[in-house]
Amino acid sequence: MTKPVKTLCPYCGVGCGLEVLPPALPGKPVNRDSAGTPIWRVRGDQAHPSSKGQVCVKGATVTGALDKDRLRYPMMRDSLDQPFRQVTWEAALQRVVRELKTVHANQGPDAICMYGSGQFQTEDYYIAQKLLKGCLGTNNFDANSRLCMSSAVAGYIQSFGSDGPPACYDDLEQTDCAFLIGTNTAECHPIVFNRLLKHHKKNRHVKMIVVDPRRTKTAEKADLHLAIKPGTDINLLNGIAHLLMRWGKFDSLFIDECTSGFASFAGVISQYPPELVARACGIRVDELEKAARYWSESQRVLSLWSMGINQSSEGTAKCRTIINLHLMTGTIGKPGCGPFSLTGQPNAMGGREAGGLAHILPGYRVVKNPQHRQEVEQAWQRPPGSISSQPGLAAWDMILGLENQSVGVFWVAATNPAVSMPDIKRTKAALLKSRFTICQDAYYPTEMADYAHVLLPAAQWGEKTGIMTNSERVVNYCPAFREPVGEARADWEIFAEVGRRLGFEKEFAFANSAEVYAEFVQLTRDRICDMSGLSHDLLKNGPIQWPFPACAVGDTIDATATGKRLYTNHRFPTEDGRAKFSAFHAKGLAEAPDPNYPFVLTTGRLYGHWHTQSRTGRIEKVAGMYPNPFVEIHPRDAARIGIQEGEVLEVRSRRGFARVPTKITKAIAPGTVFIPMHWGALWAKHAEVNALTHPEVCPISLEPELKACAVQLIPTKNLSIDSDEDTADQLASSLVTHSHP
Ligand SMILES: Nc1nc2c(c(=O)[nH]1)N[C@H]1C(S)=C(S)[C@@H](COP(=O)(O)OP(=O)(O)OC[C@H]3O[C@@H](n4cnc5c(=O)[nH]c(N)nc54)[C@H](O)[C@@H]3O)O[C@H]1N2
Ligand SMILES: Nc1nc2c(c(=O)[nH]1)N[C@H]1C(S)=C(S)[C@@H](COP(=O)(O)OP(=O)(O)OC[C@H]3O[C@@H](n4cnc5c(=O)[nH]c(N)nc54)[C@H](O)[C@@H]3O)O[C@H]1N2
Ligand code: SF4
Ligand SMILES: [Mo]
């Protein structure tokens, strides 16, 4: 192969196009890392509509981990205290099928759970839904997206009648004002940020507002940075709405004709005068007024948000309150504006399309809707009533199910919950109680593998062919360009094989992933996310944005059937066709600071690392960028508690502790500290941020508040040695990141 293979970057939801070439090319030296491992070459795809040839450090180095520490063969053990032994696929599958049958018979279908991932391809997602929801009769499929964008999904569904981000990346270059709230776009969606930044630099009238308790790389570039106290977003948003109302800067025609619920919204915002709001948020009144002025002076405001909004005990309310501002100003369904939630993972969007959460079904359908269930049962040729009318267990409820042993099989694929779940001590204790856990992953070791009875080796990106949808609804073909390592198999193939062995031969009689995709797109027909015109063959020619109904395909593509933006006619898929205002008061943090735990801990990401480091920790360049974990603290707080730069600080919450070197910086507001999420037990000792976080969820989206908990800070030099397992010296040395776990 000497022609580059076009594919999508498998990391973040920006969804950059990549071109991949083998390590050995005629006339060129073999491309190797410093250890001598041949590395596939990768570069940006100039023709990709979303990224136009750009890539960030993660995309540029992604191939560096393809051959490091891979899980190559199935492995098994009888109990968690035994070592794993390598087994055949036959032996592993027999055990999996036996356990599924036993638990199904003895405890019922709802004792079976699968916990999947926005890093699945759409085919993986779809087959998992068919297996769990269609054949086994339980809706207990949830994904790490529950910890990620489920609040955005709930917000869109409640406000518009359907999920689906209405804007697109071209809006980044057409906006007058970008309102970035709870998103560190510069580090987490770098290519989206580059596009925005270019536009901002070129056009002086374009404003950029960033709302984040930290002065992030994103905030550094803003015209206005509002460093609000964690959890005060609804105060701020209602405060902006209050001022727009006071100044008469709203679109009454749009409100009258296209929305409902304005009166009660107006009632709520009347209670958010600037002085009160500024005090609650910890900002100045003039800063708040400036934000409202930017909103009122701009024709096209584009809101971007991600985890600073979603990961909250009032996450859905926060999303809807952002949407309120767009309904009030009529900034939706037009170029350059709209409420645009950025998805985190490469195929979180595909997961939504395929019904990859416990309360939804393929084609943007919901479990609770009898007609939706019937449509899916018919498509799957399953008897009426096969799909349970009860939403399944959400991520944290699965952990509770393990805790009380109502869950009999826990099947984890493409996610590492032994690091990424909140309250990790409680999570691990629950995982230890599991009767039977399957961990289906591409790498070994991972933290999750420690809690598994069976390890199934997954073929990863580049080793399987499938589809992924990025944040702006652009659907991409991601072909296999190399053989899977060892005996690894594609996730969907593993699920389908188990399905056939459970007796569902015809349901899972797929020869390849193109057939799986062809069946899936039929379930999107006439839905908002209609992509019934898409196929692997068509997508091989290049990415296509949905909606893309079957009528769009032909000798000449029918442009009226497709579109870059949703809701351009200002009709919404609610009962009355109107978008709904919401009326939420701010509730604040689920665990507010108090005299005992006086600081707020917030958590998040760094530019180079991806989540739990299973890949980026094994890539020299990235690992070298971040030699160790750290806690960010304001100089004033550092002086107050008596800690110096680099010294190890113990951060304690009601649930656990982490010990990490101190990074003193004015980039964080006093009273708040920040620890990145990337260091699980495999990569550093006692640096797990989720040892501290709590599992309180948003009551609507069931997304946990991973962004805030109350902590106390104790310099480890002040800790009495007797009272702790480790001395300060041991601590300091234990913090050197494992070079290779
Ligand atoms: N480099 C890198 N990029 C990634 C990922 C990665 O692991 N590494 N992961 C991907 C995934 S899955 C996701 S979900 C996205 C996440 O992308 P982001 O949401 O941008 O990333 P985070 O760092 O989790 O959090 C964003 C910001 O929220 C702020 N914040 C905390 N509390 C509050 C609050 O109360 N209000 C407001 N307004 N802001 C608050 C934090 O200070 C932080 O800067 O990134 C994706 N891209
Ligand atoms: N405190 C705190 N906690 C958080 C967050 C936070 O901001 N703060 N963010 C939350 C969010 S938004 C997210 S998305 C989660 C992410 O958390 P996780 O999903 O737990 O993190 P990853 O490291 O991406 O785990 C993916 C796993 O899938 C494996 N893998 C890669 N490709 C494949 C494949 O093709 N098939 C299979 N079977 N396996 C594969 C990788 O080796 C890795 O072990 O963390 C959540 N947890
Ligand atoms: S911005 Fe996201 S999709 Fe693009 S190269 Fe970086 S990690 Fe990959
Ligand atoms: Mo995420």
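Why does ligand 1 lie between domain 3 and domain 4?

Modeller: Keep in mind that this is a predicted model. Ligand 1 lies between domain 3 (150-341) and domain 4 (599-734) because both of them give residues to the shell around it. That shell counts 33 residues, and the ones that come nearest to ligand 1 are D212, G231, D233, R605 and H609. If you'd rather think in secondary structure, α5 (185-188), α13 (307-310) and β23 (599-604) each supply at least two residues of the shell. By class, the shell around ligand 1 has 15 polar residues, 11 nonpolar and 7 charged.

Now for some polar contacts. M307 has a polar backbone atom 2.7 Å from an oxygen atom of ligand 1. R214 uses its side chain instead: a polar atom there lies 2.9 Å from an oxygen atom of the ligand. With G182 we're back to the backbone, where an N or O atom lies 3.3 Å from a nitrogen atom of ligand 1. As for cover, ligand 1 has 910 Å² of accessible area on its own, and the protein covers 99% of that.

The largest cavity, in case you're wondering, is the space taken by ligand 2. The shell around ligand 2 draws at least three residues from each of domain 2 (75-139 + 356-510) and domain 4 (599-734).

Definitions and conventions
Residues numbered from 1 in each chain as written. Chains lettered and ligands numbered in written order. Predicted model: local features only at pLDDT ≥ 70, side-chain atom pairs only at ≥ 80, totals over all residues. Heavy atoms only, no water. Near = heavy atom within 4 Å. Polar contact = N/O pair within 3.5 Å; in protein donor to acceptor, adjacent residues only side chain to side chain. Areas by Shrake-Rupley, 256 points an atom, 1.4 Å probe, with all protein chains shown as cover. Helix = DSSP H or I, 4+ residues; strand = E, 2+ residues; numbered from the N terminus. Nonpolar A, V, L, I, M, F, W, Y, C, P; charged D, E, K, R; others polar. Domains from an automatic or database assignment. 1 Å grid on protein atoms, 1.4 Å probe; cavity = no way out; pocket = protein on both sides within 12 Å on 5 of 7 lines; lining within 4 Å. Sits in = over half its atoms within 2 Å of the grid points.
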